[in-house]
Amino acid sequence: MAMEAAVVVPRGWRLLLLVSAAGLVALGAPQPPNILLLLMDDMGWGDLGVYGEPSRETPNLDRMAAEGMLFPNFYSANPLCSPSRAALLSGRLPIRNGFYTTNAHARNAYTPQEIVGGIPDSERLLPSLLKEAGYATKIVGKWHLGHRPQFHPLKHGFDEWFGSPNCHFGPYDNKAKPNIPVYKDWEMVGRFYEEFPINVKTGESNLTQIYLQEALDFIKRQQAARRPFFLYWAVDATHAPVYASRPFLGSSQRGRYGDAVREIDDSVGKMLSLLQVLGLAESTFVFFTSDNGAALVSAPSQGGSNGPFLCGKQTTFEGGMREPAIAWWPRHIPPGQVSHQLGSIMDLFTTSLALAGLKPPRDRVIDGFSLLPALLQGQLTDRAQLPLRREGAGHPASPSPALPLRDQAPQPHLPPPFLLCWESPGAEPRTWHTPILYYRGNTLMAVTLGQHKAHFWTWTNSWEEFRQGINFCPGQNISGVTTHTQEEHTKLPLVFHLGRDPGERFPLR
């Protein structure tokens, strides 16, 4: 049954928001709300004061949470940057949008400058859909969905771009490998370590300040034009090699990584303050999160904290995929709320479309769900996905065969309590309720529903990498769990109760 609620916007533009299965319908509104998505790079669940970081060095983000809603159970779609970003902008699992590997089992895929692939033209990304509702769209920072011309952000719905197609790795010698380029729209305006210096020895760089100014200028221009905007602020200061500008270097109790976090926190504070000064706060939905967990392989000096969770980036343990997440929308989201809604980075796609009064594309499976019932009403909802057809007595129902194979919902063998799609006598049509899915490359590694998580495969990284000093789980050796060989548990999954055991140390079987 569709849930409905009315929320009245009292100032500026009058808007009645109807939350239903069809999304958010705007009645009599001059324009829909602005959307500001703040995506961090390799920032961990435990890096913010509001999540318990003991130094308490993120006052602006902590205030954002106090004025909005905190999501402690929010997940990436993959424990690596490129597939996670593709999932956010497409609303689809990496196994559907092309960001997965087929040449190795359970290996993550991404797009460094040596790789010539990128986001397929067939994917309908969030900025291109929002433009249909009149939005101005801009990306600031890291794209990471392909660096060749056909993958350029301005070919996939963005009006403007200031940033780079890849991470700021380097410096390189410009012979065997060039330094990574930086673009302003279509024009290459320099390269990291050259026109945009990063001092690897000291960690000094002004990039976050440049990215902040790009965001502030864009917001001001759209306010002057009275045009709704979508701003995707995807900075990478917390990705190794971490950097910060001179005023922030040495300012943190946590070292250079903490310096980078403090500058990001300050930048977020300046953006929220500008929205308030311009009278846009009540007409701008802001969401803060990260692309994957902290890179413990770079810790402690170049990596963050995943709090109580196991392992980090690259793994499908909680530390690799559970993310900090804060929503802010004054006068709409009640302040000081904590939502235990299971959320995914893909939900930002569907939620943003709902805010714009748009429906998701109907010609493909969309894995994201609208968070509006949780945001506006404080309700916890099932993650309902596809209508199901009857397969016959005693057999599970399955998604409609009218969709291509890559657009049918994944149908892993899910033992109780995760088996959610069995037919009930006389109940038709059915809806398939899906848990959070943890993919690593082309492999479904684990699922979470409610407080329970079941692993079908476990491993951290190979013995070969481990012996070279590459460790995705430093100081966290859990016998039979953090293995360096790929261990299969499909016949008898490894199940944890995440409420009682967030560190995945004590399997229930």
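This is a predicted model: local features need pLDDT of at least 70, side-chain atom pairs count only at pLDDT 80 or more; totals for chains, interfaces and linings use all residues.

1. Four strands form an open sheet in the order 20-21-22-25, and their pairing is antiparallel. At the edges are strand 20 (436–440) and strand 25 (494–497), each of which pairs on one side only. From one strand to the next, the twist averages 20°.

2. Within that sheet, have a look at how strand 20 meets strand 21 (residues 443–449): the two run antiparallel and are joined by five bridges. For a landmark, find Tyr 438, which stands opposite Ala 446 in strand 21.

3. Next, the helix pairs. Two packed helices are described by the angle between their axes and the distance between the axes. For helix 1 (residues 59–67) and helix 6 (residues 256–277), the axes come within 7 Å and cross at roughly 50°. On the helix 1 side the contact involves Pro 59, Asn 60, Leu 61, Met 64 and Glu 67, which meet Asp 265, Asp 266, Val 268, Gly 269, Leu 272 and Gln 276 of helix 6. Sorted by class, this contact of helix 1 with helix 6 has five nonpolar, three polar and three charged residues.

4. Which residues of helix 1 are buried? They are Asn 60, Leu 61, Asp 62, Met 64 and Ala 65. The cover over the buried residues of helix 1 includes helix 6, and also strand 5 (69–70), strand 12 and strand 14 (326–328).

5. Helix 6 has another partner in helix 5 (residues 207–225): the two pack at an angle of about 10°, with their axes 10 Å apart. Helix 5 is therefore roughly parallel to helix 6. Helix 5 contributes Thr 208, Gln 209, Leu 212, Ala 215, Leu 216, Ile 219 and Lys 220, while helix 6 brings Glu 263, Ser 267, Lys 270, Met 271, Leu 274 and Leu 275. The residues in this contact of helix 5 with helix 6 divide into seven nonpolar, three polar and three charged.

6. Please also check the cis peptide bonds. One runs from Gly 170 to Pro 171, with omega near 0°, and Pro 171 sits in the loop between strand 8 (160–164) and strand 9 (181–184). Another cis bond links Ala 240 to Pro 241, again with omega near 0°. Pro 241 belongs to the loop between strand 11 (229–234) and helix 6.

7. Positive phi values in residues other than glycine deserve a glance too. Arg 56 has phi near 50° and is found in the loop between strand 4 (34–40) and helix 1. For Gln 314, phi is near 85°; this residue lies in the loop between strand 12 (284–290) and helix 7 (318–321). Is Gln 314 buried or partly exposed? Its relative accessibility is 22%, so Gln 314 counts as partly exposed, the cut-off for buried being under 20%.

8. Finally, a look at Asn 34, which lies in strand 4. With a relative accessible area of 1%, Asn 34 is buried. Leaving aside residues up to four places away in sequence, Asn 34 touches Tyr 135, Arg 227, Pro 228, Phe 229, Leu 280, Ser 283, Thr 284 and Phe 285.

Key
Residues are numbered from 1 along each chain as its sequence is written. Side-chain values use heavy atoms; hydrogens and water are left out. Axes are lines fitted to C-alpha atoms, for helices over the stretch in contact, and angles run from 0 to 180 degrees between N-to-C directions. Contact means heavy atoms within 4.5 Å. Ala, Val, Leu, Ile, Met, Phe, Trp, Tyr, Cys and Pro count as nonpolar, Asp, Glu, Lys and Arg as charged, and the others, Gly among them, as polar. Buried means under 20% relative accessible area, exposed over 50%, partly exposed in between (1.4 Å probe, protein chains only). Angles under 35 degrees count as roughly parallel, over 145 as roughly antiparallel, 65 to 115 as roughly perpendicular and the rest as oblique. Two strands pair if DSSP finds at least two bridges between them.
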